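Student: I am new to this structure and would like to work through it slowly with you. Could we look at the sequence and the model together before I ask anything specific?

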Amino acid sequence: MRQLSFISNFRKNIICGFGLLIFSLIIIFSLYIVGRVYYSASAQNKINVFSQHRFEDFYNSKNLDLIFVGSSHSYCTFDPEIFNTKLDLNSYQLGMPGQTPDSTYYTLLEILNYQKPKVIVMELFYLMLSTDFDVKQFDQLFKFLDNNELKDDYIKNVFAPKDKVKYYIPTIHYQTDYYNFKNAQIKKYLEEKFGLKLDIKQDIGVEKYRSLGYVYCDYVMDDEVINDTKKTFSGDGKKYEFSEKQIEYLKKIVDLCNKNDIRLLFVTAPISPAAYGNFDNYNNMFEKFSELANSLNVDYIDYNILNEKVNFVTNSNFRDSSHLNHSGVEIISSNYADYLKDIIK
């Protein structure tokens with residue numbers, strides 16, 4: 001009887017184990033299928049399409065003298081064609097959405113695999129220097145960086161353990177792209193089917209990838225966006241703190257440029273006067289950035305401070321609360337090109 005009972009329990013364990021295996025395989029297969037769907041949706045993201053063009057053109061570029069890096073405030077501020085015309089050189093825009101200094105460092109490593117620029121202009125946006133890690137770098141950089149060795153090194157040195165898990169499960173890290181894509185599809189269907197305008201802030205104009213990493217946009221920020229800046233922009237410069245992790249990578253960028261005889265420059269692109277007006281004690285934050293740049297022996301310009309004095313740009317020169325439209329880009333790029341004339345000879 002004991003032998004029969006043992007055999008019976010053994011069979012039950014085998015059946016349970018087999019059932020668990022089948023269930024696990026179904027879950028893994030389902031995650032794989034959903035992950036593929038989510039990844040496909042991310043490829044439809046307009047910003048991702050722009051980024052793909054930017055890197056493809058970079059890999060086909062030759063003899064670049066000047067390269068811009070940083071966040072979206074870089075590629076929405078500096079138009080390489082203006083610099084090429086005014087300075088008679090070859091420049092390129094390699095800013096990426098939400099690019100934090102750790103991502104900039106790895107982008108620069110890839111740049112040096114292909115180019116030997118004389119000057120790197122790094123845009124500094126305050127949020128990027130106060131954030132320890134931005135999971136969106138999964139998509140914003142990795143999808144287009146044609147260097148698996150650098151990706152592996154980035155994951156090893158920058159990712160926290162929980163972020164590594166997210167990276168290796170596409171269902172998780174492409175989830176936001178998928179839902180944004182589906183929401184856009186639903187909104188478009190309802191607008192066309194019933195003649196509705198569901199997004200009253202909908203941009204009117206042209207936004208397109210043009211050339212040399214630059215995205216042309218002629219949207220003009222409307223009154224409603226101006227009124228909404230209090231929701232999206234506010235803060236106290238006295239309370240601003242740097243991320244120690246990002247400062248560490250900023251120092252690595254400085255060292256890397258020095259070792260390769262590259263002139264590194266820091267610049268903060270302007271946000272709209274409406275958004276700028278929502279900050280308390282902005283001068284305190286500017287002083288922190290200036291002291292940081294001085295400690296690293298890097299020249300630094302903040303166009304928010306300059307704009308307060310000179311009024312280079314107004315709200316009409318912005319596409320949204322913090323990004324210039326092309327009319328603003330022409331003004332700031334032209335001014336910064338004049339500044340670079342004495343630096344690039």
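Student: Which residues does Val121 touch, not counting residues up to four places away in sequence?

Tutor: Before answering, note that this is a predicted model, in which local features need pLDDT of at least 70, side-chain atom pairs count only at pLDDT 80 or more, and totals for chains, interfaces and linings use all residues. Residues are numbered from 1 along each chain as its sequence is written, and side-chain values use heavy atoms, with hydrogens and water left out. Taking contact to mean heavy atoms within 4.5 Å, the residues that Val121 touches are Leu66, Ile67, Phe68, Val69, Leu265, Val267 and Tyr336.

Student: Is Val121 buried or exposed?

Tutor: Val121 has its place in strand β3, residues 119-123, where strands (E, at least two residues) and helices (H or I, at least four) are DSSP runs numbered from the N terminus. Buried means under 20% relative accessible area, exposed over 50%, and partly exposed in between, with a 1.4 Å probe and protein chains only. Because its relative accessibility is 1%, Val121 counts as buried.

Student: How far apart in space are Val121 and Phe266, C-alpha to C-alpha?

Tutor: In sequence, Val121 and Phe266 are separated by 145 residues. In space, however, the distance between them from C-alpha to C-alpha is 6.0 Å.

Student: Why is helix α4 called oblique to α16?

Tutor: Helix α4 (residues 80-87) packs against helix α16 (residues 326-340) with the axes 9 Å apart and at an angle of about 40°. Angles under 35 degrees count as roughly parallel, over 145 as roughly antiparallel, 65 to 115 as roughly perpendicular, and the rest as oblique. The angle therefore makes α4, relative to α16, oblique.

Student: Which residues of α4 make the contact with α16?

Tutor: On the side of α16, the contact involves Val329, Glu330, Ser333, Ser334, Tyr336, Ala337, Asp338 and Leu340. On the side of α4, the contact is made by Ile82, Phe83, Lys86 and Leu87.

Student: How are α5 and α7 oriented to each other, roughly parallel or roughly antiparallel?

Tutor: The axes of helix α5 (residues 101-114) and helix α7 (residues 148-158) come within 11 Å and cross at roughly 155°, where axes are lines fitted to C-alpha atoms, for helices over the stretch in contact, and angles run from 0 to 180 degrees between N-to-C directions. The two helices, α5 and α7, are therefore roughly antiparallel.
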